[in-house]
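Subject: Structure handover

Hello,

Here is the structure you are taking over. Please look it over before reading the notes below.

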Amino acid sequence: AYKPAEDVDSPLAEFLFVSRRGPDYQFATAAAVLLRSLGYSTRLVGGFYAAPENYEPRKGHTPVLGADAHVWCEVFQSGRTW
């Protein structure tokens with residue numbers, strides 16, 4: 001994971017506007033916090049992405065590995081949907 005230099009004034013600004021590097025959970029968290037500051041209801045969700053190109057027709061399944069784990073931000077919309 002990327003770590004900013006210790007002399008950086010704002011690690012958050014460094015992450016969002018300068019390096020723009022880091023794991024998905026940092027981007028998802030930043031999105032959730034920024035959207036909440038604008039009045040939206042948000043939540044962080046974790047799960048797996050089973051890539052279609054990894055489907056094994058002979059076995060009838062798609063292997064899911066640790067590298068397939070992801071975190072994303074969901075926003076609540078009117079009509080009770082995320």
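Which backbone oxygen does the side chain of serine 37 reach? The side chain of serine 37 reaches the backbone oxygen of leucine 34, at 2.6 Å. That distance falls under the rule for a polar contact (a pair of N or O atoms within 3.5 Å; within protein, one must be able to donate a hydrogen and the other to accept it, and residues adjacent in sequence count only if both atoms are side-chain atoms).

Before the rest, some notes on the source. This is a predicted model, in which local features need pLDDT of at least 70 and side-chain atom pairs count only at pLDDT 80 or more, while totals for chains, interfaces and linings use all residues. Residues are numbered from 1 along each chain as its sequence is written, and side-chain values use heavy atoms, with hydrogens and water left out.

Helix H2

Serine 37 belongs to helix H2, residues 24-37 (helices, H or I, of at least four residues and strands, E, of at least two are DSSP runs, numbered from the N terminus). Serine 37 counts as exposed because its relative accessibility is 58% (buried means under 20% relative accessible area, exposed over 50%, partly exposed in between, with a 1.4 Å probe and protein chains only). Serine 37 and alanine 13 are 24 residues apart along the chain, and their C-alpha atoms are separated by 16 Å.

Alanine 31 is also part of H2. With 28% relative accessibility, alanine 31 is partly exposed. Between alanine 31 and alanine 13 there are 13 Å in space, C-alpha to C-alpha, and the two are 18 residues apart in sequence.

The length of H2 agrees with expectation, because its 14 residues should span 20 Å at 1.5 Å a residue and its end C-alpha atoms are 20 Å apart (the expected span is 1.5 Å times one less than the number of residues). Which residues of H2 are buried? They are Ala28, Ala30 and Ala32. These buried residues pack against H1, strand E1 (42-48) and strand E2 (69-75). After H2 comes glycine 39, whose phi is positive, near 95 degrees.

Helix H1

Serine 19 lies in helix H1, which covers residues 11-19. Serine 19 is buried, at 14% relative accessibility. Apart from neighbours within four places in sequence, serine 19 is in contact with Tyr2 and Glu14 (contact means heavy atoms within 4.5 Å).

Glutamate 14 is buried yet has no salt bridge; arginine 21, the nearest side chain of opposite charge, is 8.1 Å away. Here Lys and Arg count as positive and Asp and Glu as negative, while His and the chain ends are not counted. A salt bridge is a side-chain nitrogen of Lys or Arg within 4 Å of a carboxyl oxygen of Asp or Glu.

Salt bridges

How many salt bridges does the structure hold? It holds two. Glutamate 74 and arginine 43 form a salt bridge whose closest N and O atoms are 2.8 Å apart. Because glutamate 74 lies in strand E2 and arginine 43 in strand E1, this pair ties together parts that are 31 residues apart in sequence. Glutamate 74 is buried, with a relative accessible area of 19%, whereas arginine 43 is partly exposed at 35%.

Lysine 59 forms a salt bridge with glutamate 56, with 3.6 Å between the closest N and O atoms. Lysine 59 is exposed at 61% relative accessibility, and glutamate 56 is partly exposed at 28%.

Aromatic pairs

There are two aromatic pairs (rings of Phe, Tyr and Trp, its six-membered ring, pair if their centres lie within 6.5 Å; planes under 30 degrees apart count as stacked, over 60 as edge-to-face and the rest as tilted). Phenylalanine 15 and phenylalanine 27 form a tilted pair, 4.8 Å centre to centre with 50 degrees between the planes. Phenylalanine 15 is in H1 and phenylalanine 27 in H2, so the pair ties together parts twelve residues apart in sequence. Phenylalanine 15 is buried at 10% relative accessible area, and phenylalanine 27 is partly exposed at 36%.

Phenylalanine 76 and tryptophan 82 form an edge-to-face pair, 5.1 Å centre to centre with 65 degrees between the planes. Phenylalanine 76 is partly exposed at 32% relative accessibility, and tryptophan 82 is partly exposed with a relative accessible area of 40%.

Regards
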